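Please open the model in a viewer and keep the selection tool at hand.

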Amino acid sequence: MFIADTHSDTLFSLGVWNRSMDDLMITPERLRTGGVTLQTFALWSGPKGNQGDYEGIAAKELAAIKVFTDAGIRQVDDPSEAKAGEPSFMLSIEGCEVFEKGLTAIEEWRQKGVRMGALVWNNVNSIGTPAKVDATTGLTDYGVKVAKEMQRLGMAVDTSHLNEAGFWDLFRRTDKPPMASHSCCRALCDHFRNLTDEQLRAMIQYGGFVGVNFYPHFLSEDGKADTVTIAQHIDHICQLGGADIVGFGSDFDGIETTPDDLAHPGQMNNLLDALRQYGYSEEAIAQIAGGNLLKYFERLK
């Protein structure tokens with residue numbers, strides 16, 4: 001089965017926090033054990049956003065890739081290049097401060113293999129405003145230009161962390177459907193980081209993609225979760241009509257707690273079993289696990 005995960009913070013943990021492999025959630029061995037075909041590694045701008053050394057942080061994160069390539073985990077430029085049974089990885093950016101210096105920077109990062117970009121993290125930048133700050137400040141004019149240039153280059157515009165006004169600007173003012181690499185359903189857990197049903201319906205209508213986050217505090221009001229809780233969020237999106245736009249966006253190595261029975265990718269089969277318990281067929285699970293992401297990137301071409 002082709003299994004994809006659209007978000008993790010492993011490279012920051014390795015390259016900036018200098019965590020050892022023993023302290024990571026994602027390791028080459030666990031990717032293989034869990035049958036993960038495509039792991040997305042985010043290049044995070046860091047907690048200070050554009051007030052920090054985001055270029056230096058990105059350089060350290062890129063250098064940390066060697067830990068995985070030396071272990072035989074191959075980098076791919078497109079999900080279609082990944083092969084089931086052979087773990088690989090793709091790059092994203094979380095917090096697009098590296099694009100603030102000019103639109104030409106977007107192509108520079110695209111040439112490094114970056115295929116997805118979350119416009120903001122939890123800091124305001126010259127592109128947009130995060131959901132943590134407010135819901136009403138739209139994308140800046142420069143932010144719209146950034147999003148359009150990303151789309152022109154085949155880079156997915158990621159709405160995770162972006163506020164509602166910025167989310168709707170992407171549908172009104174840009175050309176291709178965005179994705180949410182690691183977001184959950186607000187109808188099930190009322191957190192500002194989660195997507196409303198209205199937002200989910202827009203993703204469904206226009207062919208976006210939603211990778212459901214594994215962070216317990218986004219999954220349930222009491223911060224307790226297991227794979228059944230994740231399956232509930234996936235099922236909610238499917239019940240809205242989104243069976244062909246939903247997938248996994250773990251946030252591993254960026255979260256301090258995990259679901260009880262899914263602490264790392266080596267336990268991914270527990271999530272597949274939870275979907276089976278919900279009555280999903282093997283064909284439907286295969287689409288959720290990775291097939292939907294493959295189709296989403298086809299729509300970006």
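This is a predicted model: local features need pLDDT of at least 70, side-chain atom pairs count only at pLDDT 80 or more; totals for chains, interfaces and linings use all residues.

Although D251 is not a glycine, its phi is positive, at about 70°. Most residues other than glycine have a negative phi. The relative accessible area of D251 is 7%, so this residue is buried.

Next, select D253, placed in the loop between β9 and α11. D253 likewise is not a glycine and has a positive phi of about 70°. With 2% relative accessibility, D253 counts as buried.

**Second stop: salt bridges**

The whole structure contains 13 salt bridges. Select E55 and K101, whose closest N and O atoms are 3.5 Å apart in a salt bridge. Which parts of the chain does this pair tie together? E55 lies in helix α3 (residues 54–64) and K101 in the loop between β4 (88–94) and α5 (104–111), so the pair connects parts that are 46 residues apart in sequence. E55 is partly exposed at 32%, whereas K101 is exposed at 55%.

Move to R173 and D141, which form a salt bridge of 3.2 Å, N to O. R173 belongs to helix α7 (residues 164–173) and D141 to helix α6 (residues 141–152), 32 residues apart. R173 is partly exposed at 33%; D141 is exposed at 55%.

Finally, select R152 and E149, joined by a salt bridge of 2.9 Å, N to O. They are three residues apart in helix α6, so about one helical turn separates them. R152 is exposed at 57% relative accessibility, while E149 is buried at 16%.

Methods. Residues are numbered from 1 along each chain as its sequence is written. Side-chain values use heavy atoms; hydrogens and water are left out. Buried means under 20% relative accessible area, exposed over 50%, partly exposed in between (1.4 Å probe, protein chains only). Helices (H or I, at least four residues) and strands (E, at least two) are DSSP runs, numbered from the N terminus. A salt bridge is a side-chain nitrogen of Lys or Arg within 4 Å of a carboxyl oxygen of Asp or Glu.
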